[in-house]
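Please read the following report alongside the coordinates.

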Amino acid sequence: MSSTFDTIANIIAETCDIPRETIKPESHAIDDLGIDSLDFLDIAFAIDKAFGIKMPLEKWTQEINEGKATTGEYFVLKNLSERIDALVAAKGS
Amino acid sequence: MRLEQFQLIDRVVEFDAGNKSIRCDATVPLKASIFDGHFPGYPLMPGVLLLESMAQTSGWAILMTLKFERMAFLAAVREAKFRSFVSPGAKLEMSAKIVHEGSGFAVTEAQGKLDNKPVCDATLMFRVIEFPNPEVRRSMLEFAAAGGLSVEFADND
C-alpha cells in the first residue's frame with residue numbers, strides 16, 4: 001500500500017491510540033475506527049503538517065451533507081489517501 | 001481582567017497580521033471571590049483561568065486574522081504548562097501565534113509572561129465556524145475597537 005496510507009495510518013494510530021494493525025486501507029475512519037469529529041481535527045492537523053497541505057474538510061463535509069458525496073468517498077482511508085495525493089500534486093503544480 | 005464576566009484579557013495591544021501573532025495585556029484583579037477558595041490565606045490565580053486567558057488571546061489572533069468573518073471556539077488543549085505562581089495584581093503580557101490554519105480549525109501557541117518571564121504556555125486548537133449571531137460579532141468588534149485595534153474592515157451590522 002502507498003506510503004501516503006502508511007503515513008495516515010501511523011498518524012491515526014498515534015493520535016487516537018488505535019492499534020496500527022487494525023488500520024487498513026479499507027477502514028472507514030468514522031464507522032470502523034470510531035474517530036469522532038474532535039479527534040479528526042487532531043488527525044487533520046497532523047496530516048496537513050505532514051503533507052504540507054490544507055485538507056478542505058469543510059468542503060467535503062458540505063458535499064456529504066448535500067448528498068453529493070458519501071462519507072466513504074472521503075473517510076475510507078484508501079480514498080482519503082488518494083485525495084491527499086491529489087492535494088499534494090496540486091500544490092506542486 | 002473581569003473575572004465575573006469571564007473576560008480574561010484587558011486589551012489587545014498589538015496584532016501582527018503577517019506573523020499572525022497578537023499581544024494582550026491582562027492584569028489579575030487584586031480582589032476577587034475566587035481567591036477566597038484558591039486558596040484561603042494564599043490567593044493564587046488558578047491555572048485553568050490562565051489557560052482561559054491564553055485561549056482568549058489566541059481567539060483574538062484568529063478573529064483578527066479572519067477579519068472577524070468567523071468565530072473561534074476552544075476545542076482542545078494539546079499541552080499546557082503553568083511554570084510559576086501568579087498572584088493577585090500581577091500584570092501579565094499574553095501572546096499567541098497561529099501556527100496552523102486548517103479548514104474549520106486553527107492551532108495556536110500561546111504564552112503568558114510576568115516581568116518578561118514565562119509563567120504559562122499552551123498549544124491550543126480551536127473550531128472556527130460562522131458567528132452564531134450578529135450580536136456576538138458586534139460585541140467582539142466593540143471590544144477590539146475599545147482597545148484601539150483597527151477594525152475598519154468590519155462590516156456594519
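## Chain B: burial and overall form

Of the 157 residues of chain B, 32% count as buried, where a buried residue has 20 or more other C-beta atoms within 10 Å of its own, an exposed one has 12 or fewer, a partly exposed one lies in between, and C-beta atoms are placed from the backbone. The model is a predicted one, in which local features need pLDDT of at least 70 and side-chain atom pairs count only at pLDDT 80 or more, while totals for chains, interfaces and linings use all residues. Residues are numbered from 1 along each chain as its sequence is written, chains are lettered from A, and ligands are numbered from 1, in the order in which they are written.

Chain B has three helices and six strands, which follow the pattern β-β-α-α-β-β-β-β-α along the sequence; these elements are DSSP runs numbered from the N terminus, helices being H or I with at least four residues and strands being E with at least two. The radius of gyration of chain B is 15 Å, which agrees with the value near 15 Å that a compact globule of 157 residues would have; the radius is taken over C-alpha atoms, and the globule rule is 2.2 Å times the number of residues to the power 0.38. Along the principal axes, the C-alpha atoms of chain B fill a box of roughly 50 × 30 × 25 Å. Of the contacts in chain B with a separation of 6 or more, 67% are between residues 24 or more positions apart, a contact being two residues whose C-beta atoms, placed from the backbone, lie within 7 Å.

## The sheet of chain B

The six strands form an open sheet in the order 1-2-4-5-6-3 with antiparallel pairing, two strands being paired if DSSP finds at least two bridges between them. Strand 1 (11–16) and strand 3 (71–82) of chain B are the edge strands, each pairing on one side only. From one strand to the next the twist averages 25°, and helix 2 of chain B packs on the sheet, touching strands 1, 2, 3, 4, 5 and 6 of chain B and making about 55° with the direction of strand 4 (91–101). For these angles, axes are lines fitted to C-alpha atoms, for helices over the stretch in contact, and the angles run from 0 to 180 degrees between N-to-C directions.

The hairpin of strands 5 and 6 of chain B has two residues between the strands, with Asp115(B) at a positive phi near 50°. Strand 6 of chain B also pairs with strand 3 of chain B, antiparallel and over 10 bridges; Leu74(B) has Phe126(B) as its bridge partner, and Ala76(B) stands opposite Met125(B).

In soluble globular proteins, nonpolar side chains tend to be buried together. Here the largest nonpolar core has 59 residues, and those with the most contacts inside it are Ala44(A), Leu77(A), Ile22(B), Met54(B), Ile62(B), Ala106(B) and Phe126(B). Helix 2 (residues 47–65) of chain B gives the most to this core, with nine residues. Such a core is a set of buried Ala, Val, Leu, Ile, Met, Phe, Trp, Tyr and Cys residues joined through C-beta atoms within 7 Å.

Beyond its neighbours within four places in sequence, Met54(B) is in contact with Met94(B), Ala96(B), Ala110(B), Gly112(B), Cys120(B), Ala122(B) and Leu124(B).

## Chain A and the interface

Chain A has five helices and zero strands. The radius of gyration of chain A is 12 Å, close to the 12 Å that the globule rule gives for 93 residues, so chain A is as compact as a globular protein of that length. Of the 93 residues of chain A, 28% count as buried.

Between the chains, 12 residues of chain A are in contact with nine residues of chain B. On the side of chain A that touches chain B, helix 2 (37–51) and helix 3 (57–65) of chain A each supply at least two residues, and helix 2 of chain A gives the most, with seven. The residues of this side divide into seven nonpolar, no polar and five charged, with Ala, Val, Leu, Ile, Met, Phe, Trp, Tyr, Cys and Pro counted as nonpolar, Asp, Glu, Lys and Arg as charged, and the others, Gly among them, as polar.
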